[in-house]
Each structure stands twice: as structure tokens, then as C-alpha cells.
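Colleague: Can you walk me through this one? I'd like the folds, the cores and the chain contact.

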Amino acid sequence: MKKKILVANRGEIAIRLTRAIQELGYEAIAVYETPDEMSRHIRIADEAILLGDGPRCDYLSIEKIIRAAKKSGACAIHPGYGFLAENPFFAKACENNGIIFIGPTSEIILNLGNKVIARKIMAEAGIPMVPGTQNLKQGREGVAEALSFAAKYGYPIMLKATSGGGGRGIRRIETDAEMQEMIPVARAEALAAFNDDSVFLEKVVINPKHVEVQILADSHGHTVHLGTRDCSIQRRNQKLIEIAPSMINNRPLLDEICDTAVKAAKAANYLNAGTVEFLIDKDQNYYFMEINTRVQVEHTVTEMITGIDIVRNQINIAFGKPLSFTQEDVQIRGHAIEVRINAEDPKNDFMPEGGKKVTVYRSTGGFGVRLDGFVYQGYVIPEVYDSLLVKLTVHGFTWEETVGRLKRCLHNFAIRGPKTTIPFYMNIANEKDFVTGNFDTSYIETHPHIFHYDEDASEAGKLARFIAQVHYSRENPFAK
Amino acid sequence: MTRIIQGSPVKDILATLRTAKGYFITNTARDQSQSDFKNRILLHTDLMAAENRDKAGYFSLEITGGASIHVDILRKQVDPFQKLRKLREKMPNTMFQTLCRGVNLFGYRPYPQNIIRFTVREFAKYVDVWRTFDFLNYVPNMHAVFEEVGKAGKLNEPCICFSTGPEHSNEYYVAKAGEIIAVTGRDITLCIKNHGGLGTPKRIGELVDALKQKYADVPIHYHGHNTDGNDVGRIVEAVRNGATIVDAADSSFTGFYGPPPVLTVVQTLKEYGYDPVGLDEEAVIATSEVIRDQRRYYEQFESQIKGFQPTVQIHKLPGGAMGSSLEQAAKGGFLDRMPDILHKELPRVQKELGNYWSVTPGSQILWTTAVANVLGGERYGNPSGDLRNLLLGKYGPFPFYRPEEWIYQKVLGDDWREVLEKEGGVDAVADMDMAHERYALAELLGVEPTDEQLILYLQYPNDAVEFFKFSEKYGQVYVLSPSIFFRKGGYAVGEKITFRDHHGKEHMIEVGPSPVNDSGETSVYFNVDHHPSIFNFKAKTAAGKQGEAPILSKEEILDLAKAGDVRSPFSGKIVEITVDEGQEVLIGDRVAIMEAMKMQTPILAEMGGIVTFINAKKGDSLKPGGKILKIDPNE
């Protein structure tokens, strides 16, 4: 009988995982909540199990998913990203039930998920880090600790929830007064969100580049990196555009960062796929930030430039196989860019277009183009899940070729119904600093004009609007 | 001898001109468009002609400047900089030429020095030959432009504006040339700017000869208009007496008030033993063949009166202003008064106002004054703000003599001596705070403007912003052929429209039905590249909207004004409301300034009292009879 692997996720990543599972000759078991009963990930899976009416709570239910795995006879679970992907209790539950969790062990997730423990491990391994504190003590003592840290390193300072992640539970503090005011607020929020009110501080690196290294580590003692990614183009710590490799024109530095990432992974006894994140300041100093213990949204750019299927390797590693290649076999070829095409209105604070129906959907194709999508013509943007329609990843031999391909592909899309982030990305693809590879995490706020576009009009649409006016007025009213 | 290639250093250009056996031709496409088609020739047509025009080997292509920059953004919705870039792509060899009004740049009033310099610098990136003039031949008005053109390494072509009459002697013009050369040096081409096409061939020949006698090494560029049908004659005499460059245009678009046809000039001069240097006659012919078919789309912009106008020797209106003057007469319903205006009043006004040169903005002042004098009843009874400024010497000193005192009295009032004493003379226009203007534009646009956008905004604040917003909404419409751009009567269902967009991408529109729903809204259905698109248009608003009052007669408007109901006396735009609500005014106080046909006119109170309500605001376009404000009598 074929091995079965349960995909504990939805959306484009569920499809991505299903494809890898099926390519390996295994069967993919989908799970879903009632609002997702029409969804595409169910259609392509070999079997689908309803978890409950949701929304979201069933995808987050360890118990229901373990039960589904047992019921279907799945020997392994892939959590994807989001939902339970970095929940050590879920990994633990898998371990306890004799199900292979495709990812690191629950202990690794627990350690690296706790920012303070992670920092400690890295400090001991000699990994460069942004100055920061341990968990702040409760009450006044903690505030005093915070103020003395601020006195030493100066503002701005990040106040972070120890159990936070993915941009949540982070706030920037500029003054002592704000610090005193915000510590209790942050604690209350962290408690509500992560069931842990610990917080700590980190010095802010001003306008850094966000560079991360993809790691694969098997259970036979091999740890390799797949090069760098630059995810500097972010909005409120949410990544918008990811590219690989980093555009920093300093090969020795990038090599050093990759080696450091491997060292960091080894220090954490890392297993399976992970991402070591760094900040790089203006003077090209780099600082360890965190290790993400999941497959990331932007893994596609690394796959494009290395030709290595990360999800396939995750599954093999989880089944105890050694990596089939060495560090020397990893070759970086060309550049890749990924954009997340969401049904959102960037001009309106990226408000999701939940409830709207995609009346026309035409996608792009051709050389060097990859689509990881969930959307189809007739798809209704869910109000209870995320608004990602499709990830567009383009690959080119040179950066210039890659940007040109990105523009071409964005231009090829025709999506009617909801507003999308396409025109916003189009502006970025035409923006001088992006085109020359000159961007850091301040990019979005320092380039406000990228929000300036006419959403429902391509150049052809605009000209059609003009011709419609001339047609309607029976003469050109602008030429009189 | 070979042609001059764009990008050559000024020294080399002049060396070629000075040693040339034969003469050169400038293709004055811009002046042709302005004089005979109200500046409406689209970039689309110029791009069609570009390849052959480049091959033809002209000294230069005069393609920007004059009124064209304003019309580009106002009526053709094309970016004047973009236009030059697009043409340059297709015309790598030919120098581009502009017509610049000195201190008035491409507008109608003096600009601050910093704006003049900024504008010239940006345009000089694309423009190789700078023909610069001042309508009073007042050389200081051209200094800043000369300097910036020189700094940019481009060719200065200062003009002496030409006219006829006893004052317009060779001595005067040779001295004027000397005054210019004292500023610019001799590495220039000197233009005889005969914007009206005035004088006889003999007169032009004598003038060129006189100039060459004195300044043998300064190449003369003769610019004329064919308004009387005799410019080829003047060109021939100019060349025979030593002119090096002459102006002509493509024959398939020649009309009445613009330049004469290139080929006619070439054929005629050949008989006299003069050959055009580097000119490819086949390419000249081919240009006309390629664009001939496009002319029909521009017919609507041709003059209301067809035929040559030998009477230009009497009224002296420049070719570039003929079309707009006749259009104004047609729109204003006084075409029948034109003989009086053109042949009696204009020459009289011209003489009374100092016999200066009838060219922008001076020609507009003469024209407006003559029209007001004929239609208004009382001569100089309702003087425009610009006439006032002319008398105050704001544009520069009168070249020959000052108008008589009674005119000063009419225009400036009984205390005219005092006014002249206090306000007279050229003002040093204060530099504009560029950073502030840039900020203001950024606020209006929502994005940081480019330098080019800022320049257009500084020249024409309202129209530039409207143009930027238009482009945002309707895209780069310059790609549309005149058959689409000037389409009349709409399209039939099933018609297919094809065009190539700014990025070079082909598109197709299939026209669907245009049903009207119950509330009067029209939905236009198009299939754009096979995607169904709907464009909705709200029902046209009924009359009665503010500023759209029914047309009243001049008498009715005056009667209302005397009762305190101030209405617009003509079709025009509010430049400024000069009073506030609650303010007390006396009869004769200025309450607003309006602008029509580029000229400003003050609106005066016909009744004293308190301003109780202001209907119109700055920038409003009013029809005759449109409400401006209300004055109630003092209790």
C-alpha cells in the first residue's frame, strides 16, 4: 500500500505539499473546514477529511488533525506554514501518537520558538546578535531593567513578545515614557495572543536589509544551506516581495553569512528545513535574528535558483533518509523574485477583498515562470481565511532579465472582481531603486509613490476609457 | 557639402554654416501646425513623418515652443518632453528647434528669472537650436535665455522681430543686431523674424544685405509666413543677399498663414544657382506622401476664412495668431466686423500704441484692444490688464515712441502721470520659491513630481495639473491616430479599433452597444482585448448649473451689473476674485479679473455697495452672463 501523508493546511501551500507528496509516489490526505468545502486543495488530494465547521479553529485543532491522520492511516503530517506549523505541542502530539511530523523535533521548535532561549543558544555558539535582553522581569524591576538597557544602547528599541513571531507581538519604542507605558500593554497582548506574557528588548537596527538563509539538515549529521534570500521589502514586518539570492554585492560577506547560518543550525541541533534570519546594517554588519522552523512562503525563490525541491527534501529527511547531495552540489544559478498576489487593496491599508468573486482569471506562463496558486475563475475571496490568490515566482539568468520577466508576467495577468496587489507590484517593478537592487526594510515607507496607481486600468484600459468618452460624447471633448 | 548632424558642437555648426556653398532649410512643422491648424497636429502624425523628415537633411526641425507647449497639454494631452523624446528616437540626426519668447518663455507674461533658467535647462536637454525673441525687441528680456542656452552648449538664435513702417529702417535693425551681438558674441545664427510675412521681397533682400555688410560672419536665418502668398519671393531675395538658412514646411500640410512649401523654395532657388545643402529631395517628397492622408482629420482646425490674405500688410497679424483670431471672431459672432477690425482699427491701434511688433504677447494686446474698441463702442473704454501693463512699461520700453497722453489717461485713469511714476517700468519679477511650488504640486498630485512636471506646472498651473490627472485616468493618448482622437459621431456596434500603446503593445477594441438606463446613465460596452469592459456615463446635467446661465446680451449684462448683479461679459476663466464677501466697493472698483483668449480683463463694479455673495471662484470657466458676484446697495 502507498504511504499516506496528511497535509495539515489549506490554500496554496496545501497544493504545493500535495504535489510533492504525489511526485514521491505517496498519497496526500487533505483536511478541510466547511467554508473550504469547494476549495482546490481538496480536489487534487487523494482523499479529504472534514475537520469541522471552523473557521480556523479546526485547522488549529491538534486533536482533530491527529484523529484525521489516524483515521486515514497517514504515517506522517506536513504542517505547511501558519496554523500549527511552529506549534511545539503539535509536533509533540505527533511524536506521542507515532506519526512522523515533517519538520524539526518538538524540542527544537520549542527552543527556537522562544526567542530568549534561541538567543542564548546562538550567543554560546558565537553567532553575532543585535544587543538585547533576557526576558524582562515582572513588574517594576523589569521596567528598570528596560530603562537601563535603553540608557546603554539608545532608542529606538524593539519590545518583543518572547513567544511572538511572523511580525506579531513586536512594537517599536522611542522614549522612556513610551517604554514604561508599553511594557504592561505588550505583556497583556502577548498573554492573550501566545499564552505567554514574557517580553524582551532588542536594539533596533535602523533600516536594515532582511537577509535569510535556507537550511536543510538531515538526521545523519549533514547540514547544508541553499543560499540567501532578501526579504527586505516588507510592510509592518510582513514580507511582500522576496528575492534570491541577496543583491548585496559582497560575495565573501554572503558566504560568511551562509556559513554562520549552518553554524547556527548545528548549534541548535537543527533537523529538517529551516530558515536562519539575519539583519544587515548599512555598514554590512550582520546580526542573527531568529530561526524559522517551517517551510516558508518564499521557499520558491530558493527552489528556482538551486533547482532543489525543498518540500521533497523535507519529506525525505522526515523519513530518515540522508540528503542526496552535498554542500558542493548546491549551485546558485541566476535570480528569482516572488510576489504574493493577494486580493487586497494596498491603497486601503491592504484591506482584504473578502466576499468578492473572481469573475475573470487569466494567468501568465512561459519561460522562467512559476505559479503556486489557489485561485480559479469563480473563486470567492474567503472572509475567514487569508486573501492570497497566487504566488508568482519568476526566474532569470540576470537580475535585469528577472525584473523584466516579473513586469511581463504581472502585465499578463487579468483578474477581475476583487482588487489585487498586482498594480502595486507593477509600480515596484518599475521603480528605480528596486530595479537597481537598492532596497532595505524602509523601502515601502520611503517610496510612497508606489501606492499611486489606477487599479482597474491597464494602459489599454485607460485608453479604452478615453475612446469610450470620445464615443459617448460623439467628439473628443478634451480637444475643443 | 553634407548636412549638419544633431549633437555637433556649436563651433562646428557655425563653421559649416559660414563656409557653406548654398543654403539650409529649417522645417517649421510647429509653426505650420500653429498657423494653419491651431497647433493641433498630433505627435502621432509627426511620428509618421519622422523617418523621412530625418532623412531629408534639414538644418533643424522646429517642433516645439511658441504656443505649442500649452496646446500640447491643454488640447492634445501629450507631454511636451515626452514628445521630444519620442521624436528623437525616430530622428537621431536632425537638430530640434524651439521658439522661445524670452522672458515670457512659452507663455504670455514675464516669468521669474529662476523659472526661466530652470525651464531652459530642462528643455535644452532635447532642443538644439533656440530661436528667442522679444516682441519689443528689448534685448535684456532675452539675456537669461541666451545665458542658459550657452551654458547648455546649444545654439543661440536671437531674433530681430521685423515689421514695416517708417521707423523700421535698416539702420534700426542693424543697430539692434549689434545690441544683440554685444551680448551673445558672434557664434550665433541671427533670425529675421518675419512672423507676419510682411514687406516685399525687395525689402527683405535689402535688410539681409545691410546686416551682412555689417556682420558678414553671422549666419542669417530668415523666418517668414506665406500669409500674402509671397514668402517664396522673400526667401529668394533673402538667400540671394546672403541668408544662410530659411524656413519652409511640408507641402501636403501647407495652408495660408504658415510657411511655404519646402520643394517650391528649392525649385525656385535652383534656377538662381543656389542649392540646398545636404537636402534629400526624395525624402522631402516622401514625407508629404506619407502624411497627406492625415490632413483630413485636421480640417476642422483650419481657419474660418480660406485663401491668402494680402491685407496682412495692413493689419500685420502674425501667421501664428491668424487662426485663433478668426476662431475668436467666429465664436464671438463678430466675423462680419472683421474688415473693420483688421483693416481699419488694427492699423490705427498699432500706430497709436507705438508701432511695435505684432507678435506674442504684443499681438494679443493689439488684437484685444482693436476688438474692444470696435465692439465696445468707446475706444480704449475697457482696457485689458495687459494693455495697462504695456503702457506701464512692464514688458519693456516702447521702441520708437510712446502712445499719446490721452491713451494713458484712458487706460490708467486721470491720475495716470502719478500711476506711471509710481508703478511704471520693468519689474524685477521676484524669484519663485521652487521648493514651495514643488511641495504644492506634490500635494495636488499625491506623488513627488518630476522636474519636467514641475516645469509644466510653473508655466500653466491649472492646465498642467488637469493634464497630469487626465494622463492618470486616460493613459498616454498620444499613441492614438487622429482618426481615433478626433473621431466624430461615435462608433457603430461591431466596429473594431486597433492601436499600439505607449509600451508598443497592440490592442483591439470591439465596440458593443451603448444602452441608456432609466436614470439616463449610458453604459458603453467595449470588448478590450477580448475582455468585456463597461464604461458608465452619468446623464448630462441640465442647464441651470452655476456659471451656465443662459446667454445674455451685452446690454442685459451691463444692466444687471448696474443693479449689482455682476455677470461675466464674455466666455472666459476667472483668474481672481479681488474682493471678499462683506467688502465695500465703489463704482469702478475692480472686483474680479477674467481671462479669455490668453488676455486678462478686469471686471469693474458698476454699482457701489457691499459684496453680499460671491458665486464664482478662481479657475471657474464662465459663459457670457455667468454669475460672478452680487453687490447690494449700502443702507
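**Barrel, sheet and contact**

Modeller: Let me start in chain B. Helix α10 (residues 231–240) of chain B lies across β7 (220–224) and β8 (245–248) of chain B, and runs at about 170° to β7(B). Helices (H or I, at least four residues) and strands (E, at least two) are DSSP runs, numbered from the N terminus. Axes are lines fitted to C-alpha atoms, for helices over the stretch in contact, and angles run from 0 to 180 degrees between N-to-C directions. Two residues are in contact if their C-beta atoms, placed from the backbone, lie within 7 Å. This is a predicted model: local features need pLDDT of at least 70, side-chain atom pairs count only at pLDDT 80 or more, and totals for chains, interfaces and linings use all residues. Residues are numbered from 1 along each chain as its sequence is written, and chains are lettered from A and ligands numbered from 1 in the order in which they are written.

Colleague: What do the eight strands of chain B close into, and in which order?

Modeller: A barrel, in the order β1-β2-β3-β4-β5-β6-β7-β8, with parallel pairing. The twist averages 30° from one strand to the next. Two strands pair if DSSP finds at least two bridges between them.

Colleague: How many bridges join β4 to β5 of chain B?

Modeller: Four, between β4 (residues 129–132) and β5 (residues 155–161) of chain B, which run parallel. R131(B) has E157(B) in β5(B) as its bridge partner.

Colleague: Which residues have the most contacts inside the largest nonpolar core?

Modeller: I25(B), V145(B), Y222(B), A243(B) and V246(B), in a core of 121 residues. Such a core is a set of buried Ala, Val, Leu, Ile, Met, Phe, Trp, Tyr and Cys residues joined through C-beta atoms within 7 Å. Buried means 20 or more other C-beta atoms within 10 Å of a residue's own, exposed means 12 or fewer, and partly exposed is in between; C-beta atoms are placed from the backbone. Helix α16 (residues 362–375) of chain B gives the most to this core, with six residues. A second, separate core of 115 residues includes I21(A), C94(A), V224(A) and F434(A).

Colleague: And what does Y222(B) touch?

Modeller: Not counting residues up to four places away in sequence, its contacts include I192(B), I204(B), V208(B) and I235(B). A243(B), V246(B) and D247(B) are also among them.

Colleague: Switch to chain A. What is the strand order in its open sheet of eight strands?

Modeller: β13-β12-β9-β10-β11-β14-β19-β18, with antiparallel pairing. β13 and β18 (369–373) of chain A stand at the edges, each with a single partner strand, so one side of each has no neighbour in the sheet. On average, neighbouring strands are turned by 25° against each other, direction ignored.

Colleague: What about β14(A)? How many of its residues are buried?

Modeller: Eight of the eight, so β14(A) is largely enclosed by the rest of the structure. H335(A), I337(A), V339(A) and I341(A) point one way, A336(A), E338(A), R340(A) and N342(A) the other way, and all are buried. In a regular strand the side chains alternate between the two faces of the sheet. β14(A) pairs with β19 (residues 388–396) of chain A in the antiparallel sense, over eight bridges. E242(A) stands opposite E338(A) in β14(A).

Colleague: Now α3(A). Which of its residues are buried?

Modeller: I65(A), I66(A), A68(A) and A69(A), in the helix spanning residues 62–72. Down the axis of α3(A) they fall within an arc of 155°, so they line one face of the helix. That arc is of the directions from the helix axis to the C-beta atoms. E63(A) and K71(A) are exposed on the face turned away from the buried side.

Colleague: Last one. How many residues does each chain give to the contact?

Modeller: Chain A gives 23 and chain B gives 39. Helix α16 (residues 459–473) of chain A gives the most to the chain A side, with 13 residues.
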